[in-house]
Amino acid sequence: MTQRFHCTACGKCCYGQLPLTVNDAFKYADRFPLAMVWTPVRQGCKDFAMVSQLGATIKLANRKELVVLIVPTAYIPPSYPCPALAPDNLCGIHADKPARCRTMPFYPYRDEQFQAELLKPQPGWTCDTSESAPLVFADKKIVFREDFDAERQELEEQIPQIRRYADYMLKYTPQLVDSLAKVSLKPKGGQVVTSLSSFLTAIRHPNAQQIAQWQLPVLNSYAEKTASEPGLAEFHRHYISGAKEMQYLAR
């Protein structure tokens, strides 16, 4: 089985949440409104093994276990463009964009053999998958894999930090387990959102104050943008509470 793909720069995939590596989250703390997004994955799902490797395993009250992907994320409403997206639909930081953007449309949180299904454009996207587009996937392998391998390596290297954070949060906010268990039972799944400041505290990042100083105006800006949009109330609450925590760390 082979798949062809070429980006036509329609900009449609540059809206909404953007998962980041830990390094990219800190690097772009002056640009993206950040959060830690927890996504539980059910046993039997094709992503279960990879999430188990890259994420954390949480014990539930019924002695069962839940695997959870915990990802630093540019927490942007689905209707909002990436702040780096230029008016011509090109990336304003193309030469130095995050690893997640370089690897698109591939997704290293998923086994390589399942990547082909990610090459099907979503409604409204204009990705070129015709026979004239470059061959990018063949025999269950990615053809041009440098960016994919680089992002996967970063994800593997940050596993100790992610698991230290999970241990910290489960110790000090035990109700998080119930929230994750409830989300995991939803037919289409879901996510639980926590703050970047809690992550900085948990891993005792030496530059936490500097990162907080970068992040604070970004969160305040997004809080102002979403203040009058009732449909974005959840995002607005996160920006407000995140800014308060960052203000404390930034002192």
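β5 supplies the largest share of the lining of the second largest pocket, 3 residues. Strands such as this are DSSP runs of E with at least two residues, helices are H or I runs of at least four, and both are numbered from the N terminus. The model is predicted, so local features need pLDDT of at least 70 and side-chain atom pairs pLDDT 80 or more, while totals for chains, interfaces and linings use all residues. Residues are numbered from 1 along each chain, and side-chain values use heavy atoms, without hydrogens and water.

**Pocket and cavity**

β5 (65-74) and α6 (175-184) each give two or more residues to the lining of the second largest pocket. Of its 13 lining residues, Leu60, Lys64, Glu65, Leu66 and Ser184 lie nearest the centre.

The whole structure has 1 cavity of 30 Å³ or more. Residues lining the largest cavity include Leu54, Tyr109, Leu155 and Ile162. Here β5 gives the most, with 3 residues.

| Space | Volume | Lining by class |
|---|---|---|
| Second largest pocket | about 230 Å³ | 7 nonpolar, 3 polar, 3 charged |
| Largest cavity | about 50 Å³ | 7 nonpolar, 2 polar, no charged |

On a 1 Å grid over the protein atoms alone, a cavity is a set of points where a 1.4 Å probe fits but cannot get out; a pocket is an open set with protein on both sides within 12 Å along at least five of seven lines; lining residues have an atom within 4 Å of a point.

**Surface**

Phe144 sits in the loop between β7 (141-142) and α4 (146-157). Phe144 counts as exposed because its relative accessibility is 60%, and exposed means over 50% (1.4 Å probe, protein chains only). With Leu135 and Val143, Phe144 makes a nonpolar surface patch of about 270 Å². Patch residues have over 30% relative accessible area and no salt bridge, with nonpolar side chains joined within 5 Å and like charges within 9 Å.

Definitions and conventions. Accessible areas come from the Shrake-Rupley method with a 1.4 Å probe; for residues, only the protein chains shown count as cover. A salt bridge is a side-chain nitrogen of Lys or Arg within 4 Å of a carboxyl oxygen of Asp or Glu. Buried means under 20% relative accessible area, exposed over 50%, partly exposed in between (1.4 Å probe, protein chains only). Grid points are joined across faces, edges and corners, and a volume is the space filled by probe spheres set on the points. Ala, Val, Leu, Ile, Met, Phe, Trp, Tyr, Cys and Pro count as nonpolar, Asp, Glu, Lys and Arg as charged, and the others, Gly among them, as polar.
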